[in-house]
Amino acid sequence: MSKGNLSKEHEQLLELYSGGVLGWRQFRCSTGLAFGEVLVELGKRGLALPRVTPERRPEQDALLERALGGPK
């Protein structure tokens, strides 16, 4: 797949995905591209993988505190 083979819409979605505006599931459903293809296309355009910052849940914090011997 060369840089010019993606449609304008797919290129825009790729930029939104790279910027963290569009999630993987939405991107995948909209484009049908496999993750390996996405990596190649991001690289061709000098775009980075989006950063994912998951929300911490109280259960996770409690488990971590228990594991580290913190408050119970």
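Analyst: What follows looks at helix α1 and then at the parts of the chain around it.

The model is predicted, so local features need pLDDT of at least 70 and side-chain atom pairs count only at pLDDT 80 or more, while totals for chains, interfaces and linings use all residues. Residues are numbered from 1 along each chain as its sequence is written, and side-chain values use heavy atoms, with hydrogens and water left out.

The chain has four helices and zero strands; helices (H or I, at least four residues) and strands (E, at least two) are DSSP runs, numbered from the N terminus. Helix α1 covers residues 8-18, and within it H10, L13, L14, Y17 and S18 are buried. Buried means under 20% relative accessible area, exposed over 50%, and partly exposed in between (1.4 Å probe, protein chains only). These five residues are on the same side of α1, because they cover an arc of only 135° around the axis; the arc is that of the directions from the helix axis to the C-beta atoms. An α-helix has 3.6 residues a turn, so residues three or four places apart point the same way. The exposed residues K8, E9 and Q12 sit on the face of α1 turned away from its buried side. After α1 comes G20, with a positive phi near 80°.

The cover over the buried residues of α1 includes α2 (24-31) and α3 (35-44). F27 is found in helix α2 and counts as buried because its relative accessibility is 0%. Leaving aside neighbours within four places in sequence, F27 is in contact (heavy atoms within 4.5 Å) with H10, L13, L14, Y17, L22, G32, L33 and V38. Among these partners of F27 are H10, L13, L14 and Y17, which also belong to the buried residues of α1.

Helix α3 contains F35, which counts as partly exposed because its relative accessibility is 39%.

The C-alpha trace spans about 55 × 20 × 20 Å along its principal axes. From C-alpha to C-alpha, F27 and L63 are 33 Å apart in space and 36 residues apart in sequence.
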